[in-house]
Amino acid sequence: MAKAKIKNNIRKFRFENGEMTQEELANRAKCTRQTIVALEQGKYVPSLALAFRIARVFNVPLDEVFEYEDGEEHC
Amino acid sequence: MTQLKKRAVWGLFIWGTALIAAYAIFFLGGGPRTFLDNDTRVTLTRTVFTAGFVSYFLMLIFTRTPSSGKTLEKDERDEFISKRVYTTGFFSLMIYVFIICLALYAYYKIYLHDVDLPVGWVWLLGITTYFLGFVSHAIATLVLYARMSGHGES
């Protein structure tokens, strides 16, 4: 069975929001800049709370920022 | 560098040095069999222990979070890494103790046909296990940070 992956569009939304820096996003989402870096690189999966805070910073629904791929084909 | 990572780097340096010194004291100058008979080696071991603790606590003081710090030093990712590090460090320590005990049993009881284990080996196991606890914790921290970090812009 293929492993589930959570992809994100954080970098895209950062640039669409006045070229927001990682530092600024981290401050507004109440996490460290290193965590934002890890998220954008796909090396860390955020908790639900952090995911919601990031989506609220961009003022978009959660599923526009984060995409869930379960690795299986559906009919 | 986060506080956790900073402390891991310094902890690895301090306790790694203490661990190497402990092995050197035990194996140079007669081996574990004559360890307790040699006051110099016992004193050196005590010195290494004391130096390690003093250095470690000074390091903790110098790397503490300032009370008026404006930037967030620790978040959920750091806590996630911290929890995994304790588990990883604990299991690696258990494996070390198991392997050493098994090796000593095999050598003294089986290979040398039921010869008593010199007590110096027990001291070696106890002291190095203590130091290795810190070392394995530090290594696990650095490995997990390397796997869960990236290279980004500022």
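Let's start where the two chains meet: 5 residue pairs, both members at pLDDT 80 or more, are in polar contact across the interface of chain B and chain A, meaning N or O atoms within 3.5 Å, where within protein one must be able to donate a hydrogen and the other to accept it, and residues adjacent in sequence count only if both atoms are side-chain atoms. By class, the side of chain B that touches chain A has 8 charged, 7 polar and 5 nonpolar residues (Asp, Glu, Lys and Arg are charged; Ala, Val, Leu, Ile, Met, Phe, Trp, Tyr, Cys and Pro are nonpolar; the others, Gly among them, are polar).

This is a predicted model, in which local features need pLDDT of at least 70, side-chain atom pairs count only at pLDDT 80 or more, and totals for chains, interfaces and linings use all residues. Residues are numbered from 1 along each chain as its sequence is written, chains are lettered from A and ligands numbered from 1 in the order in which they are written, and side-chain values use heavy atoms, with hydrogens and water left out.

Now step inside. The largest nonpolar core has 26 residues; such a core is a set of buried (under 20% relative accessible area, 1.4 Å probe, protein chains only) Ala, Val, Leu, Ile, Met, Phe, Trp, Tyr and Cys residues joined through side-chain atoms within 4.5 Å. Among those with the most contacts inside this core are A:Leu25, A:Ile36 and A:Phe58. Leaving aside neighbours within four places in sequence, A:Leu25 is in contact (heavy atoms within 4.5 Å) with partners including A:Ile10, A:Met20 and A:Val57. A second, separate core of 23 residues includes B:Phe35, B:Tyr56, B:Leu93 and B:Tyr108.

Definitions and conventions:
Buried < 20%, exposed > 50% of the residue type's maximum accessible area, 1.4 Å probe, protein only.
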